[in-house]
Each structure stands twice: as C-alpha cells, then as structure tokens.
Amino acid sequence: MLRRKRSKNGAAAAPVEDEIDRLSALPDDALRQVLDLLPANEVVRTSVLAQRWRHLWKSTTVLCVRSEDERSGHVKELREFVDHLLLLRGGAPLERYELWFFGFDDEDVPRVNLWFRHVVMCKVRILRLEILRAAGPNQNPLLELDDLPIVSQNLMTLKLYGPKPGFTTTT
Amino acid sequence: MAAPESGDGNNGAARMVTLISSDNTRFEVEAAAASLSQTLQLTILDGGGGGGDGIPLPNVDSATLSKVLEYCIKHAPAAANGGAPNATAVDRAELERFDNEFVNIDQSVLYSLIMAAHNLEIEGLQSLVAKKVADMIKGKSPMEIRRTLGFPDPTPEEQAEMNAHMLEYGWAYE
C-alpha cells in the first residue's frame, strides 16, 4: 500500500481514482459507524458525495439534531428538516436519537410529540430531548408530552430536559 | 468482557500466537494482544495459532497487519484490565496521544485499516478509524469532503447529478 503511493509525475489520476474505490469497498457498517458520529444535517448531506453514499444516511442508527444557537434553535427553524429526516428514513431502527432546541411555540408541541412517538416506533434505545424556552407570562416553559401510554421494549435511556412527561414509566 | 487469556497458570512468559498475512508474512504476537480481535479470540481461546501453526488472515496484507498489531499491543494491557478502571490519568493520556498519532496516516493506509479493523472486529480500532474519517468530513461542503477523502473532481455529468441531488435535498441545506 505504501509502495503504491505517489506514482511519479503525470500518473496522479490513477491513485486518486483508487481512493474512491477503496472507500466504496468498505462495508456499510463501517461507513455507518462514521455517519453515526456526525450531526444529522451533515449525515444527510453525505448522500450527495457519491453513489455509494446515496441511501446510506437512511439506515444510520444515530440521529442528533442539535442547533448551535438560540436564534436558529427554535423548533420552527428545524421543523421541515426533522419532518423530512424522519419521513424519508421510514421505520429504520434507531439506536440513539437526540433533539436539542432552544425555543418552541405552543403550536409546536403536537409536532414534537409526534416525533417522539415516531422514534419510539423506530425501536430507539436512547432518547434525549432537550427543549427549553424562555416562557412568557402565561406560557409553560416546559414542553408537555402527551399523556398517552408509550410502550417500548427497546428504550433503555430516556433523558428529558425541558419536556415534561405526561406519562409514567414502568420497567 | 471475559479476559482473553486462557488462564493456563502460565508463569512468566506470556503465550504467543502467530498470525499470517495475505502475503505470507508471519507475525508473532502475545495472545492477549491478538485477542483484541473478536474474530480471533475464539480460535485463540481454543489454543489455535500456537506452535508452528499460525492463523492465516487472507484479507489482511502485511503492511496493514503490522499497523493493526501495533495498535493491539499498545491497547492490550488496558483491555486486560477491563477498560482499566485503575489506569492513571497519565496512562490514559498516553493512550490518547498514541491514538491521535496512530491515525495520522495516508488515506490509503487509513482505508485498509478500516477494512482490517472491521474484518477482525477490533472494537476500539473500529471506533478510532471511524472517528478519524468523521473528523475529516465534519463541517465541510460536499466538494471539500470529496477532496478530503481523495475523490477525483466530478465529471460534468456527475456535477449535474450532484446539483440535482442537492436540489432534491434542499431541506438539508438550510
């Protein structure tokens, strides 16, 4: 491998062509392990890289949607993204799902609940919702999750920062 | 998480096994180090790889195998301690320094290493190389990623395809 590197001037194209082949030759699991370490928006964007990556993002097991600052962190800003993300990957199993938001309006609450229920159906094992807002006078600073039974044999860890569970948990 | 050693009251000298690369180079290494590979662990527990036998690895060439073993030898002591609960901060910092240095390599070597780590199921090494590639990708535009990963510049057709794709995936670019 080391030997083959850096052919003399002029023959640069061959080894370069090689890299894309070598990367494409890696098993899905190895590539997915890479994707699992990226934030969700960057995971989706890898689909444009090459044919090999086209649909890989749909089967990653870790989704982390995290906004960097308060301005772009409102549920509204990321609603379209999360909708596309979840709908297009369908029911592919999830290991870990994280949502970090800095703000929401009352009308966003049903949507977040829907996402929550969807990922539970995707057999998520670790679920973390970090959703806070600076509440106005008559507003609840906490996002309330539906008072519906959530049945999961897969969920191992549930971390809620901000959302208030309307349900009780049993193990 | 069972300790890889076969527990055969060995006094002093550690048990050695021999691994044979695809290009027929023989590597003699402590069983504890080779056992970081889930793939090899059972064979080794069964007493394989000792004596003149050696375990053939038809998918791993000698350059890659020597690199893989460098990792295993360095990480074996900590792994034997079950993640080293009694490791000092200095030990951990040293391993981290080693890891960072270890993946500071050419892409072709890196890709061979990913393949080998995967075939041999060496968990720590799999994570390490995955993280390296993720760090190469993080925060970059598709074109920058392609260059970083060593892809050739797209042909006009590929470029048109990429543009159409980015349009379809507009929701991920806002």
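This is a predicted model: local features need pLDDT of at least 70, side-chain atom pairs count only at pLDDT 80 or more; totals for chains, interfaces and linings use all residues.
**Helix packing in chain A**

- Helix H4 (residues 75–89) of chain A and helix H5 (residues 109–121) of chain A have axes that come within 11 Å and cross at roughly 30 degrees.
- That angle falls under the 35 degrees cut-off, so H4(A) and H5(A) are roughly parallel to each other.
- The crossing in which H4(A) passes H5(A) is left-handed.

**Aromatic rings around B:Phe102**

- Which kind of pair do B:Tyr71 and B:Phe102 form? Their pair is tilted, with 5.7 Å from centre to centre and 50 degrees between the planes.
- This pair links distant parts of the chain: B:Tyr71 belongs to helix H3 (residues 62–80) of chain B and B:Phe102 to helix H4 (residues 89–102) of chain B, and the two are 31 residues apart.
- Buried means under 20% relative accessible area, so B:Tyr71, at 4% relative accessibility, counts as buried.
- By the same cut-off, B:Phe102 is buried too, because its relative accessible area is 2%.
- B:Phe102 also forms an aromatic pair with B:Phe98, and this one is stacked, at 5.5 Å centre to centre and 25 degrees between the planes.
- B:Phe98 and B:Phe102 are separated by about one helical turn because they are four residues apart in helix H4 of chain B.
- Like B:Phe102, B:Phe98 is buried.

**Charges over rings**

- What lies over the face of B:Phe102? The answer is B:Lys67, at 4.1 Å from the ring centre.
- In chain A, the ring of A:Trp100 has the charged end of A:Arg66 sitting over it, 3.8 Å from the ring's centre.

**An annotated stretch of chain B**

- In the model, residues 124–163 of chain B are 72% helix and 0% strand.
- The C-alpha atoms at the ends of this stretch are 37 Å apart.

Key. Residues are numbered from 1 along each chain as its sequence is written. Chains are lettered from A and ligands numbered from 1 in the order in which they are written. Side-chain values use heavy atoms; hydrogens and water are left out. Rings of Phe, Tyr and Trp (its six-membered ring) pair if their centres lie within 6.5 Å; planes under 30 degrees apart count as stacked, over 60 as edge-to-face and the rest as tilted. Buried means under 20% relative accessible area, exposed over 50%, partly exposed in between (1.4 Å probe, protein chains only). A charge sits over a ring if NZ of Lys or CZ of Arg is within 6 Å of the ring centre and within 35 degrees of the ring normal. Axes are lines fitted to C-alpha atoms, for helices over the stretch in contact, and angles run from 0 to 180 degrees between N-to-C directions. Angles under 35 degrees count as roughly parallel, over 145 as roughly antiparallel, 65 to 115 as roughly perpendicular and the rest as oblique. A crossing is left-handed if the near helix is turned anticlockwise from the far one by less than a right angle, and right-handed if clockwise.
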